[in-house]
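Please examine the sequence and the three-dimensional structure shown below.

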Amino acid sequence: MRLRVEFTTEPFDLDEAPTHAVVARQVVEAAELDAVDVGPFGNTAEGGADAVLAAVDTLLRRTLESGATRISLQVNVIGEGAR
């Protein structure tokens with residue numbers, strides 16, 4: 001099964017990327033994912049279910065430790081078994 005995760009971390013800072021946003025980028029770029037798109041107002045990553053779920057676990061833990069006060073995410077099935 002393939003999954004896509006879309007996420008944002010808060011609080012926002014339009015002048016400079018906050019530490020939690022930098023950490024989020026590092027987590028998804030280091031994960032074994034097939035596609036990563038990092039933007040100023042939202043981020044998307046795709047890959048196999050195990051890789052995406054492991055990245056989400058690490059993302060949640062590390063961004064909260066780095067000062068995120070809110071993390072919004074959505075996970076969608078995009079491959080085998082998608083409906």
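His20 counts as buried because its relative accessibility is 3%, where buried means under 20% relative accessible area, exposed over 50% and partly exposed in between (1.4 Å probe, protein chains only). This is a predicted model, in which local features need pLDDT of at least 70 and side-chain atom pairs count only at pLDDT 80 or more, while totals for chains, interfaces and linings use all residues. Residues are numbered from 1 along each chain as its sequence is written, and side-chain values use heavy atoms, with hydrogens and water left out.

His20 belongs to helix α1; helices (H or I, at least four residues) and strands (E, at least two) are DSSP runs numbered from the N terminus. Its side chain makes a polar contact of 2.9 Å with the side chain of Thr9. A polar contact is a pair of N or O atoms within 3.5 Å; within protein, one must be able to donate a hydrogen and the other to accept it, and residues adjacent in sequence count only if both atoms are side-chain atoms. Leaving aside residues up to four places away in sequence, His20 touches Thr9, Glu10, Pro11, Thr63, Ser66, Gly67 and Ala68, contact meaning heavy atoms within 4.5 Å.

One of these partners, Thr63, is part of helix α2. Thr63 counts as buried because its relative accessibility is 0%. Beyond residues up to four places away in sequence, Thr63 touches Thr9, His20, Val23, Ala24, Ala68 and Ile71.

Two further partners of His20, Glu10 and Pro11, are joined by a cis peptide bond with an omega of about 10 degrees. Pro11 lies in the loop between β1 and α1, as Asp13 does. Asp13 counts as partly exposed because its relative accessibility is 39%. The side chain of Asp13 reaches the backbone nitrogen of Asp15 at 2.9 Å and that of Glu16 at 3.4 Å.

The next topic is the nonpolar interior. In soluble globular proteins, nonpolar side chains tend to be buried together. A nonpolar core is a set of buried Ala, Val, Leu, Ile, Met, Phe, Trp, Tyr and Cys residues joined through side-chain atoms within 4.5 Å. The largest such core here has 14 residues, of which Val5, Phe7, Leu33, Val52 and Leu59 touch the most other members. β1, α1 and α2 (49-65) each supply at least two residues of this core, and α2 gives the most, with five. Not counting residues up to four places away in sequence, Leu33 touches Val28, Ala45, Glu46, Gly47, Ala51, Val52 and Ala55.

The last topic is the largest pocket, which holds about 300 Å³ of space. β1 (2-10) and α1 (19-30) each supply at least two lining residues, and α1 gives the most, with four. Ala21, which lies in helix α1, is partly exposed, with a relative accessible area of 22%. From C-alpha to C-alpha, Pro40 is 9.1 Å from Ala21, at a sequence separation of 19 residues, and 9.6 Å from Asp13, at a sequence separation of 27 residues.

Note on methods. On a 1 Å grid over the protein atoms alone, a cavity is a set of points where a 1.4 Å probe fits but cannot get out, and a pocket is an open set with protein on both sides within 12 Å along at least five of seven lines; lining residues have an atom within 4 Å of a point. Grid points are joined across faces, edges and corners, and a volume is the space filled by probe spheres set on the points.
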